[in-house]
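Here are my notes on this model, point by point. Please read them with the structure open.

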Amino acid sequence: MRIAVINPNTTASMTERIAEAARRVASPATEIIGRQPATGPAAIEGPFDGALSVPSLLKEIVRAEADGVDAHIIACFDDTGLDAARALARKPVIGIGEASFHAVSLVAHSFAVVTTLSRSAPVIEDNINRYGFGRRCRKVFATDIPVLELENPASGAVELISAMIVKAKDMGVEGISLGCAGMADFAQGLQREHAIPVVDGVSAAVGLAEMLVRCGLSTSKSGIWAPPTRMHVLGSD
């Protein structure tokens, strides 16, 4: 099985970290292919960056399909371009945000999200409600850590995320969803520290993608995700 893990931003070091996180949880027979667009924002930190990244992200979906992958993962917690990608791809497409909400809801009756910047929180809140998790998610906490600072050990990111988890637990929250692909490396340590489930969306998405492929399932093409009629506007081969 081959899974394309597509980082919608153009920061190569983050793409590699995300791909390595995916490989740690993938089955031995699964090949993880890390990809990123050639052009677009260096980080996705709100609606403008997300919109700017979508055309190049969709081109990567087209290229991954041509390479014969069995599934795609969009490795941005905002689930950037997810509906468009599902319409475009013949194979399953998983967004790490949606995957994380499903996973944490299986192991915790209530959960909170800890994300990066405050301007990203409304995007996540809208997705939570659209996906039907509004009654399970108590709050989206923003640490106001820039996305690329998650790679900087001196940023204090883990400590800030941990402090938000303490606040969530004080509210009675039973599980945590880490709201950025760049937080993938922090999940296990934070789970040990706080003794509640801490879900990394990259890992959750890999597991769901493998399950869909093994079950022979792919995206319905009878409605909103029907194949687009104007693919030529992407300028892809």
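1. A residue counts as exposed when its relative accessible area is over 50%, as buried when under 20%, and as partly exposed in between. Arg24, at 54%, is therefore exposed. Keep in mind throughout that this is a predicted model.

2. Arg24 has a salt-bridge partner. Its side chain pairs with Asp185, with the closest N and O atoms 2.7 Å apart. This pair links distant parts of the chain: Arg24 lies in helix 1, while Asp185 sits in the loop between strand 7 (175–178) and helix 7, 161 residues apart. Asp185 has a relative accessibility of 38%, so it counts as partly exposed.

3. Helix 1 also holds a local pair. Glu20 and Arg23 form a salt bridge, and their closest N and O atoms are 2.7 Å apart. How far apart are Glu20 and Arg23 in helix 1? They are 3 residues apart in helix 1 (residues 12–25), so about one helical turn separates them. Glu20 is partly exposed at 35% relative accessible area. Arg23 is likewise partly exposed, at 35% relative accessibility.

4. Arg2 and Glu31 meet through their side chains in a salt bridge, at 3.2 Å from N to O. Arg2 belongs to strand 1 (residues 2–6) and Glu31 to strand 2 (residues 31–35); the two residues are 29 apart and link distant parts of the chain. The relative accessible area of Arg2 is 26%, so Arg2 is partly exposed. Glu31 is partly exposed too, at 40% relative accessibility.

5. How many salt bridges does a search of the whole structure find? The total is 12. Some are connected: Arg35, Glu60, Arg63 and Asp67 are linked in a network of salt bridges.

6. Now the helix packing. Two packed helices are described by the angle between their axes and the distance between the axes. Helix 6 (residues 157–170) packs with helix 7 (residues 187–194) at about 45°, and their axes are 11 Å apart. The two helices are therefore oblique to each other. The crossing of helix 6 past helix 7 is right-handed. Helix 6 contributes Val158, Ile161, Ser162, Ile165, Val166 and Lys169 to the contact, and helix 7 contributes Leu190, Glu193 and His194. By class, this contact has 5 nonpolar, 2 polar and 2 charged residues.

7. Next, helix 4 (residues 96–107) and helix 8 (residues 201–214). They pack at an angle of about 85°, with axes 8 Å apart. Angles of 65 to 115 degrees count as roughly perpendicular. Helix 4 and helix 8 are therefore roughly perpendicular to each other. From helix 4, the contact takes Ile96, Ala99, Ser100 and Ala103; from helix 8, Gly201, Val202, Ala204, Ala205 and Leu208. Which classes make up the contact of helix 4 with helix 8? Its residues divide into 7 nonpolar and 2 polar, with no charged residue.

8. Asp126 and Asp78 are 48 residues apart in sequence, with a C-alpha to C-alpha distance of 9.6 Å in space.

Notes: Residues numbered from 1 in each chain as written. Predicted model: local features only at pLDDT ≥ 70, side-chain atom pairs only at ≥ 80, totals over all residues. Heavy atoms only, no water. Axes fitted to C-alpha atoms, helices over the stretch in contact; angles between N-to-C directions. Helix = DSSP H or I, 4+ residues; strand = E, 2+ residues; numbered from the N terminus. Parallel < 35°, antiparallel > 145°, perpendicular 65-115°, else oblique. Left-handed = near helix turned anticlockwise from the far one by under 90°. Contact = heavy atoms within 4.5 Å. Nonpolar A, V, L, I, M, F, W, Y, C, P; charged D, E, K, R; others polar. Salt bridge = Lys/Arg side-chain N within 4 Å of Asp/Glu carboxyl O. Buried < 20%, exposed > 50% of the residue type's maximum accessible area, 1.4 Å probe, protein only.
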